[in-house]
Amino acid sequence: MAAVCTASRVLAKKVLSAKAIPAVSQSSRKLHFSVYGKNNSKVSDGMSTQYPVVDHEFDAVVVGAGGAGLRAAFGLSEAGFNTACVTKLFPTRSHTVAAQGGINAALGNMEGDDWRWHFYDTVKGSDWLGDQDAIHYMTEQAPHAVVELENFGMPFSRTEDGKIYQRAFGGQSLKFGKGGQAHRCCCVADRTGHSLLHTLYGRSLRYDTSYFVEYFALDLLMEDGECKGVIALCMEDGSIHRFRSKNTVIATGGYGRTYFSCTSAHTSTGDGNAMVTRAGLPCQDLEFVQFHPTGIYGAGCLITEGCRGEGGILINSEGERFMERYAPNAKDLASRDVVSRSITIEIREGRGCGPEKDHAYLQLHHLPPQQLATRLPGISETAMIFAGVDVTKEPIPVLPTVHYNMGGIPTNYRGQVITHTTEEGDKVVPGLFACGEAACASVHGANRLGANSLLDLVVFGRACAHTIADICTPGEKLSPLKPNAGEESVANLDKLRFADGNMRTSEIRVNMQKTMQNHAAVFRTGKVLKEGCDKMDAVYQTLDDIKTFDRGIVWNTDLVETLELQNLMLNAVQTINSAEQRQESRGAHSREDFKDRMDELDYAKPLAGQVRKPIEEHWRKHTLSTVDPKTGKVTLKYRPVIDNSLDAEDCAAIPPAIRSY
Amino acid sequence: MQKLITQVSTQLACCCYIRTEAESRSASFKYLRCESGTCIILGHWLLSSQQEQSHQDSAVTRKKDTMLSVLVAKRLVSGVCPKSLRPAVAELVTTRGYKGEAPDDSRGDIIEIPLPPWTEKDGETMDIKRRRLLFQSRKRGMLENCILLSLFAKQYLNTMNEPQLRQYDRLINEPSNDWDIYYWATEAQPVPDVYAGEIMDLLKEFTKNKDQEQRLDAPNLEYLDKGSQ
């Protein structure tokens, strides 16, 4: 004890308290929670129950180093803030690297364009669940954000005149939907995601950003409703690190891995959403999960829409090109949610393919092999490697696959995390910000348009940095933090590390994924959802009976995957419960028993003479869900959609209407 | 084009040879690989072919433009490689776009914003190295690599000896773009010399999936349970 005190005093500045913390007895194991200064950070790998903690102080901490996290970290460092970026993956290996599409921005290089048209497209695409002030902010800032990136060194593809080349993408139109297809998507060949990460990471290093790579963030350090930092596990040596800061930005990405089949990497585990849930704060609109119509059955790898663009067709077990029935004009090139629903209907009506009749086939072998090789080179390889299929001879098994999470941590248009009460309305949580797929600003509402996601990352990462720069100055003194802050997280870590129940992590994970896949997929019905909620609750309870096998503390993949499973579970219960409660079909959430959108007025009929429904009686509102982590019980509240833009004169808000393309 | 490259090579005092591609593709980028391990992009050439002419669509126009200038190349090489090193260039390699035709890629970000070079970790026991490589095989940037590398790690990681572990470490940790590893493994693109070797060959063979088994997901960790603790 005395040695610890001396060491702490000697190391002076960054030490929190000279007293050691009494043992926490949350389990039968005794935990000794000690505090060391910054320079003393090595711990031996052994079966030690001691968890030495290293404290750090920063002006801002960013959790996650994908597109949004890096943009926020870079913006903050540029503004002079001492910034730390805590990430479980090397920055250029974040899931953003998978993005090959591009960034939408109304630059007007291919034809005359106006950001207000982009605004209209996004509001309509969100099925009027998006907050129009945030959408206004995003689409107006889009050209500035892209030009800024270009100035940072991102090598956008160019036209002959040297202007940034822009391509067409789904859902983008001119003149408020009346002027035909718009070409707004800026790209860097086919590696836009990688280029974004590389550029931002490289630039942020010049401004002295501190990167803590392969540190798994466990929880937020909350005190009196204010966020004071993050506690994380260092994978390399098993030490615990507390990052104290006045500003914490969460940019941890989505949670595709709650489903059995998703296009996301195994790193998309909703860590940020879970951290916020455990802190008692709500998550917003988690029931809105976007399904991409063609992911490889089982593996989930994305088969690009370009296949269907090149002539590929979808067939059912009878060999019929069924899209002709559902979309006589567009056929296989109808919008994503239409194709997803069509495939699902075919399967439910018994015309699915394969031994379990649970998927459809994407046929490419009628196309000339030469065309396949030149136009779609990657597809042949992916099909062979992951489905064992030779595309020149057999069709590829495909299924609508989880692709993106529109929901997440609720924020205002400036990136600040908010909570909501009916009396006081939206209230900012001091010290906490969120951006990227983890956040819900909400710009995507009930359905996301392609190429708007990379834009979302960049604009709101930048917004978080600007907001922090507005309200704080670098070098501000930090408010005091309780010496034993974060001890529950460490206790949980210890409990999982030595867990010896009956169900393995992988079993519980597969149960959760199959429940979500069977009960909360493309088409949802009340009965199936209710069954799913009960099953999910049962799976949640089995977490208490979990069994891990790796008792070490250094590079313990089993432990990290178990922590990720805990995070995924919190996301899954909220998703399925929110979906069960929402009795309408809107955007990506479609219900067989409630096929229509339920707004405050019936927009399909003339508005004159209609009575506006009160918020309790219609569904054009955001869902705010909270969970009690001990019991797994979900509580739902609702929050109105923001219908006004930031400046009514500059950009008129779009009143709701029927969404048809 | 040949003339230009020989001109460049004399200026740079590098030795290089050009490997001509048998088939022409739409966009191609050529880069020289230094023995110091740094990648230098000299510019891009567009190989046009009759095939291409018929595939052109109006939205994308092809530039037959060489951005290469000898001065630029010289500046790049001397900027990236330390002056003391005389880069002995290994070979000229082509890459191509992935999902169908893609617009030009000047790779300006990679040239102008070099990231800190990857270094091997010292003082790691083989056991710890294996544990680290397991985590790094399972957690990748995109799903294809997650599945491929975790299945590969399940099959081979525990039986690799030290030089093999080091090769694997470099292969999965040095490349900045995860897609590159996928293209090399699927032989969509040629493997740069610095990564070629036993492990890369193993990975290529593994990827071919000769038994045509269904690779639906990354394996669970339980195969490690008995023994390796």
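Two exercises with worked solutions follow, both resting on a predicted model.

**Exercise 1.** Describe the interface of chain A and chain B, going from its extent to its polar pairs and then to the elements that supply the side of chain A.

*Solution.* Begin with the residue counts: 79 residues of chain A are in contact with 71 residues of chain B. Turning to area, about 6,400 Å² is buried between the two chains, and carbon and sulfur atoms give 54% of this. On the side of chain A, the residues that lose the most area to chain B are A:Arg93, A:Phe549 and A:Trp555, which together account for 12% of what that side buries.

Next, consider the charged pairs, of which the rule finds seven salt bridges across the interface of chain A and chain B. B:Arg131 and A:Asp550 form a salt bridge, because their closest N and O atoms are 3.2 Å apart and the criterion asks for a separation within 4 Å. The rule also finds 17 residue pairs in polar contact across this interface, both residues being at pLDDT 80 or more.

Finally, assign the side of chain A to its elements: among those that give two or more residues are helix 10 (369-375) and helix 16 (557-581) of chain A, while the largest share, nine residues, comes from helix 5 of chain A. By residue class, that side divides into 29 nonpolar, 29 polar and 21 charged.

**Exercise 2.** Locate the residue that UniProt lists for "active site" and name the residues it touches.

*Solution.* The unreviewed UniProt entry lists A:Arg336 under that heading. A:Arg336 lies in helix 9 (residues 336-348) of chain A. Leaving aside residues up to four places away in sequence, A:Arg336 touches A:Gln290, A:His292, A:Pro293, A:Glu305 and A:His403.

Notes. Residues numbered from 1 in each chain as written. Chains lettered and ligands numbered in written order. Predicted model: local features only at pLDDT ≥ 70, side-chain atom pairs only at ≥ 80, totals over all residues. Heavy atoms only, no water. Contact = heavy atoms within 4.5 Å. Buried area = accessible area lost by both parts, 1.4 Å probe. Salt bridge = Lys/Arg side-chain N within 4 Å of Asp/Glu carboxyl O. Polar contact = N/O pair within 3.5 Å; in protein donor to acceptor, adjacent residues only side chain to side chain. Helix = DSSP H or I, 4+ residues; strand = E, 2+ residues; numbered from the N terminus. Nonpolar A, V, L, I, M, F, W, Y, C, P; charged D, E, K, R; others polar. UniProt positions renumbered as here; feature names shortened; annotations may be inferred.
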